[in-house]
Amino acid sequence: MNDPNWKLPAVPTFELESPDFEEGGTLPQWARSGIANAGGEDRSPTLHWHGFPSGTKSFALTVFDPDAPTGSGWWHWAVYNIPASVESLPQDAGNPDAQLMPHGAITLPNELRLTSFQGAAPPADHGPHRYVFTVSALNVERLDVPEGSTPAMLGFALRDFIVARAQLIGVSST
């Protein structure tokens, strides 16, 4: 299976959890995509993280489907400049209309070019897909990423500043 970390820097890990699904467990129906006609609500799950290094100055969050039949995966959500004082995001924080994202955090366009969370939407008869939620602890307060950049560009920009990584994988099938 595709490993979305295979070329990323090796860094210490910390904990990322959600009361909405367990590691390797099925994402809730509401975390599936409505906009992509997968029967959901495009609602991001609650996320909590802890155990990151004391020198952390900000966080970046990404959600990636390495199993999408594209040759390059599928980015569902990418947020950076999350203040170091923030250790959780509430359910539906990925909805810009809900205004639940911390002040200063910037959401990049996902694969649909929307600055929001896109829920799981594996193609029909394609089997289970993994949705890799990653929180990266950074040693800078702010990343300078050009407006409208892709999540892949964010990943490139943060690689020199990452001091630790936490991941949580949810699964969804058709």
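A word you'll need on this tour is "buried": that's under 20% relative accessible area, while exposed is over 50% and partly exposed sits in between, using a 1.4 Å probe and protein chains only. Before you click, note that this is a predicted model, where local features need pLDDT of at least 70, side-chain atom pairs count only at pLDDT 80 or more, and totals for chains, interfaces and linings use all residues. Residues are numbered from 1 along each chain as its sequence is written, and side-chain values use heavy atoms, with hydrogens and water left out.

**Whole chain**

Start with the cartoon. Trace the chain from the N terminus and the order is β-β-β-β-β-β-β-α-β. The protein's radius of gyration is 15 Å, close to the 16 Å that the globule rule gives for 174 residues, so it is as compact as a globular protein of that length. (That radius is taken over C-alpha atoms, and the rule is 2.2 Å times the number of residues to the power 0.38.) Along the principal axes, the C-alpha atoms fill a box of roughly 45 × 35 × 30 Å. Of the 174 residues, 49% are buried.

**Stop one: H48**

Select H48, in strand 2. Is H48 buried or partly exposed? H48 is partly exposed, because its relative accessible area is 34%. Now show what H48 touches beyond four places away in sequence: E15, L16, E17, P19, E87 and S88. Contact here means heavy atoms within 4.5 Å.

**Stop two: R43**

Step back to R43, in the loop between strand 1 (15-17) and strand 2 (47-50). Show its side chain and look for two polar contacts: one to the side chain of E41 at 2.4 Å, the other to the side chain of Q91 at 2.5 Å. A polar contact is a pair of N or O atoms within 3.5 Å; within protein, one must be able to donate a hydrogen and the other to accept it, and residues adjacent in sequence count only if both atoms are side-chain atoms. Leaving out neighbours within four places in sequence, R43 is in contact with W30, A31, Q91, D92 and F117.

**Stop three: T134**

Next, pick T134 in strand 7 (residues 129-138). T134 is buried, since its relative accessible area is 8%. Its side chain has a polar contact of 2.7 Å with the side chain of Q167. Among its contacts outside four places in sequence are L16, A60, L61 and T62, as well as R165 and A166.

**Last stop: S172**

Finish on S172, in strand 8 (residues 162-172). What is the relative accessible area of S172? The value is 3%, so S172 is buried. Follow its side chain to that of R32, where a polar contact spans 2.6 Å. Setting aside neighbours within four places in sequence, the residues in contact with S172 include R32, A120, P122 and Y131. For one more distance, click A31: S172 and A31 are 141 residues apart in sequence, yet 9.4 Å apart in space, C-alpha to C-alpha.

Note on methods: Helices (H or I, at least four residues) and strands (E, at least two) are DSSP runs, numbered from the N terminus.
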